[in-house]
Amino acid sequence: MGEVLILVPAAGASSRMRGRDKLLEPVEGEALLRRQVRAASATGAPVLVTLPKGAGGPRAEVLEGISRLRFLWIDAAEGMAASLRAGAAAARKARAEGLMVHLPDMPDLTGADLARLLAAFAVAPETPLRAGSEDGRPGHPVVFPARLFSRLAEVSGDTGGRAALSGESPRLVALPGDRALTDLDTPDAWADWRARIGR
């Protein structure tokens, strides 16, 4: 067994953004996707980014130059499950100890947050781990131990990793405020977030 891989599922269609790509939205002068992948890379862990087959385009371009990054090209029509299965397969092949699923549309998460989760997982690497809000509500990222890779390899549809966590009791690691809960899927959500943080 070895290190934890970080999976960034970036193959979604931004269907609720009314023609804009949420992962290319600028945050402090940097595309959100690049910012969040760079945060993952800063932990020193290998980073996997899923993108639709044959459609690298702007999302792939904004990630140029980031170290320890590998693209996984998937059929994105199925939704999140295709990304999770590809990540699980890569993690098994690498004999990884765990797989962190780091959603890229959560701009409040930092490299320090991800490093904190990796350190917490290392204490009990057989138990799934989940980030939460300061007041204890479960959120993201989630770290799956190697023993659950086979479950991740069988997920389907757009339900994410919930099926793989069935019957499990993930340890919750509280992050400051609501940063483990804030995801931005619509132009209105983006406008509200920018107004709130003054960016």
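Which residues lie nearest the centre of the largest pocket? The model is predicted, with local features needing pLDDT of at least 70, side-chain atom pairs counting only at pLDDT 80 or more, and totals for chains, interfaces and linings using all residues. Residues are numbered from 1 along each chain as its sequence is written, and side-chain values use heavy atoms, with hydrogens and water left out.

**Figure 1. The chain as a whole.** The secondary structure comes to six helices and nine strands; helices (H or I, at least four residues) and strands (E, at least two) are DSSP runs, numbered from the N terminus. The radius of gyration is 16 Å, close to the 16 Å that the globule rule gives for 199 residues, so the chain is as compact as a globular protein of that length. This radius is taken over C-alpha atoms, and the globule rule is 2.2 Å times the number of residues to the power 0.38. Along the principal axes, the C-alpha atoms fill a box of roughly 40 × 40 × 30 Å. Of the 199 residues, 48% count as buried, where buried means under 20% relative accessible area, exposed over 50%, and partly exposed in between (1.4 Å probe, protein chains only). The chain exposes about 9000 Å², of which carbon and sulfur atoms supply 50%; accessible areas come from the Shrake-Rupley method with a 1.4 Å probe, and for residues only the protein chains shown count as cover. Among contacts with a separation of 6 or more, 70% are between residues 24 or more positions apart, contact meaning heavy atoms within 4.5 Å.

**Figure 2. The largest pocket.** Lys-22, Met-80, Leu-103, Asp-105 and Asp-158 lie nearest the centre of this pocket, which is lined by 34 residues. On a 1 Å grid over the protein atoms alone, a pocket is an open set of points where a 1.4 Å probe fits, with protein on both sides within 12 Å along at least five of seven lines; lining residues have an atom within 4 Å of a point. The volume is about 900 Å³, that is, the space filled by probe spheres set on the points, which are joined across faces, edges and corners. The lining divides into 16 nonpolar, nine polar and nine charged residues. Here Ala, Val, Leu, Ile, Met, Phe, Trp, Tyr, Cys and Pro count as nonpolar, Asp, Glu, Lys and Arg as charged, and the others, Gly among them, as polar. Helix 3 (80-93) and strand 8 (138-145) each supply at least two residues of the lining.

Figure 3. Ser-83 is found in helix 3 and is buried, with a relative accessible area of 3%. Beyond residues up to four places away in sequence, Ser-83 touches Leu-7, Pro-9, Ala-11, Thr-50 and Ile-74. Pro-141 belongs to strand 8, and a cis peptide bond with omega of about 5° joins His-140 and Pro-141.

Figure 4. Helix 1 is mostly covered, with eight of its 10 residues buried; among them are Leu-32, Leu-33 and Val-37. Ser-41 is found in this helix (residues 32-41) and counts as buried at 11% relative accessibility. Leaving aside neighbours within four places in sequence, Ser-41 is in contact with Val-47, Ile-66 and Ser-67. Ala-45 lies in the loop between helix 1 and strand 4 (47-52) and is buried, with a relative accessible area of 7%. The C-alpha atoms of Ala-45 and Ile-6 are separated by 6.7 Å, although these residues are 39 apart along the chain. With neighbours within four places left aside, the contacts of Ala-45 are Val-4, Ile-6, Ala-40, Arg-68 and Leu-118.

**Figure 5. Two loop residues with positive phi.** Arg-68, not a glycine, has a positive phi of about 55°. Arg-68 sits in the loop between helix 2 (57-61) and strand 5 (69-74) and is partly exposed, with a relative accessible area of 43%. Glu-28, also not a glycine, has a positive phi of about 50°. Its place is the loop between strand 2 (26-27) and strand 3 (30-31), and Glu-28 counts as exposed at 57% relative accessibility.

**Figure 6. Arg-171 in strand 9.** Arg-171 lies in strand 9 (residues 171-174) and counts as partly exposed at 28% relative accessibility. Not counting residues up to four places away in sequence, Arg-171 touches residues including Ala-120, Phe-121 and Arg-130.
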